[in-house]
Amino acid sequence: MVDTKVNLSGIELDNPIIPASGTFGFGYEFAEIYDINMLGTFSFKGTTKEPRFGNPTPRIAECPSGMINAVGLQNPGVEKVISEELPKLKKCFNKPVMANISGFAVDEYVYCCEKLDKEEQVGWLEVNVSCPNVHGGGMSFGVSPEAAAEVTRAVKAVTTKPVYIKLSPNVTDIVSIAKACEEAGADGISMINTMLGMRIDLNKKKPIIANKMGGYSGSAIMPVALRMVYQVYEAVKIPIIGMGGITTAEDVIEMMLAGATAVQVGAANLIEPFACKNIIEELPRVMEKYKINSLKEIIGGAH
């Protein structure tokens, strides 16, 4: 019997499979088609201080081996997430959930993290630093080690639960940003967020997405994500949640060998709603094929 369990900052998961934020809503829609308690956990929809309608449409463009999205963090705001979404989720998911948090200023991150840290259902806080810093000229918090560290320190000062900082790949040196987050007190790193991409409509001769550019995700970005996880694993001592283009149980093993303790599955959920279920069911067979008895033992095994 193979052992698929992993430990993520003191919380044991039945398996390392985590649907990524923005691809799984607040879970209960997926709970209508399969028992989501089979998941390790999941990261819920990116939550901001105020409700957000999101970007103008069209927001999605298809690509070979992936998709581009510019949804714009559409969500009901942290107060409604706590009062409406979490109680609905509790009826169909009995494990700790990962709260994904976004903000456009440090005090917004602090406000949301402090609120969600108090929620019994929340096991981890996943802080997305890919948002534009409205007080810092519009550059994303995640492109500068100093800005990423500032958010990390501020959030850690008001929370008791593990804080994972979700990093953008749209940088020249992701290792220095990961190290800065670790030094500022982060409990873990989530990586990578989407890459920046675009498509042009040949008939209209204009960008397909109203926002012009959006986040490129899907199986095509897996080698980039894998490389970044491998590099960061060599530089930090805190756990990494690896993501980017994962579609199969083999991809999971590969990402864990690169250094991930757990993995997130994103775009695959939008193409195949049973993607995570299928990967979890396939994992034991793939472990046996590659003579892996325990997933805990292979983390970073390719180094």
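Predicted model: local features only at pLDDT ≥ 70, side-chain atom pairs only at ≥ 80, totals over all residues.
Residues are numbered from 1 along each chain as its sequence is written, and side-chain values use heavy atoms, with hydrogens and water left out.

Staying with Ser43, its place is in the loop between helix H1 (28-31) and strand E4 (60-63); helices (H or I, at least four residues) and strands (E, at least two) are DSSP runs, numbered from the N terminus. Is Ser43 buried or exposed? Ser43 counts as buried because its relative accessibility is 0%, the cut-offs being under 20% relative accessible area for buried, over 50% for exposed, and partly exposed in between, with a 1.4 Å probe and protein chains only. Not counting residues up to four places away in sequence, Ser43 touches Ile18, Pro19, Ala20, Ser21, Met98, Asn100, Glu126 and Gln264, a contact being heavy atoms within 4.5 Å.

Lys206, by comparison, has its place in strand E12 (residues 206-207) and counts as exposed, because its relative accessibility is 55%. Leaving aside neighbours within four places in sequence, Lys206 is in contact with Ile200 and Asp201.

Turning to strand E4, we find it in an open sheet of four strands, ordered E4-E5-E13-E10 with antiparallel pairing, where two strands pair if DSSP finds at least two bridges between them. E4 and strand E10 (195-197) stand at the edges with a single partner strand each, so one side of each is left without a neighbour in the sheet. Four bridges join E4 to strand E5 (residues 66-69), and these two run antiparallel; Cys63 has Gly66 in E5 as its bridge partner.

Finally, the cysteines: how many disulfides are there? The count comes to zero, a disulfide being a pair of cysteine sulfur atoms within 2.5 Å. The sulfur of Cys92 has its closest cysteine sulfur in Cys276, 15 Å away, which is too far for a bond. Cys276 itself is buried, because its relative accessible area is 0%.
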